[in-house]
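User: I would like to learn how to read helix packing in a model. Please work through one case.

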Amino acid sequence: MPLIVIAEDEFLIADVLTIMLEDAGYEVAAAPHGRAALALVREKRPSLVITDFMMPLMTGLELAQAMRADVELSHIPVILVSGAQGSIGRAHPEVFDAVLDKPYNEKKLLDTVSGLLS
């Protein structure tokens, strides 16, 4: 089963996302900020990463840029899920494979995940 790493500093949002993805048949590992997520990505080599934009220590943009700069991680799809910063994410198609706005539509998110993993 594909592993998805979630980078989200809001515990309740991370929890809802984790349950939704596990119910859809994915394995999930969550991190409270980009730096912890990058360590998880390096350790576990997930199939996909879902990140928030605004987080302490390392933003979602910095996380995605760090992954793209690492030859061993650059192929992993990254979805940005953001409230106010979606436009910033859309300005960086070289690092984000998809950008979804919060509050996100569960079906659209799962369809996006499924599409990027197929």
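Predicted model: local features only at pLDDT ≥ 70, side-chain atom pairs only at ≥ 80, totals over all residues.

User: At what angle do the axes of H2 and H3 cross?

Analyst: Axes are lines fitted to C-alpha atoms, for helices over the stretch in contact, and angles run from 0 to 180 degrees between N-to-C directions. Helix H2 (residues 34–44) and helix H3 (residues 60–69) have axes that come within 9 Å and cross at roughly 30°. H2 is therefore roughly parallel to H3, a label for angles under 35 degrees.

User: Which residues of H2 meet H3?

Analyst: Contact means heavy atoms within 4.5 Å. From H2, Gly34, Ala37, Leu38 and Val41 meet Leu63, Ala66 and Met67 of H3. By class, six residues in this contact are nonpolar, one is polar and none is charged.

User: Which residues of H2 are buried?

Analyst: Buried means under 20% relative accessible area (1.4 Å probe, protein chains only). In H2 this holds for Gly34, Ala37, Leu38, Leu40 and Val41. They lie on the same side of H2, because their arc around the axis is only 160°. An α-helix has 3.6 residues a turn, so residues three or four places apart point the same way.

User: What does Gly60 touch?

Analyst: Gly60, found in H3, is buried with a relative accessible area of 0%. Leaving aside residues up to four places away in sequence, Gly60 touches Thr51, Asp52, Phe53, Met55 and Phe96.

Methods:
Residues numbered from 1 in each chain as written. Heavy atoms only, no water. Helix = DSSP H or I, 4+ residues; strand = E, 2+ residues; numbered from the N terminus. Parallel < 35°, antiparallel > 145°, perpendicular 65-115°, else oblique. Nonpolar A, V, L, I, M, F, W, Y, C, P; charged D, E, K, R; others polar. Buried < 20%, exposed > 50% of the residue type's maximum accessible area, 1.4 Å probe, protein only. Arc of directions from axis to C-beta.
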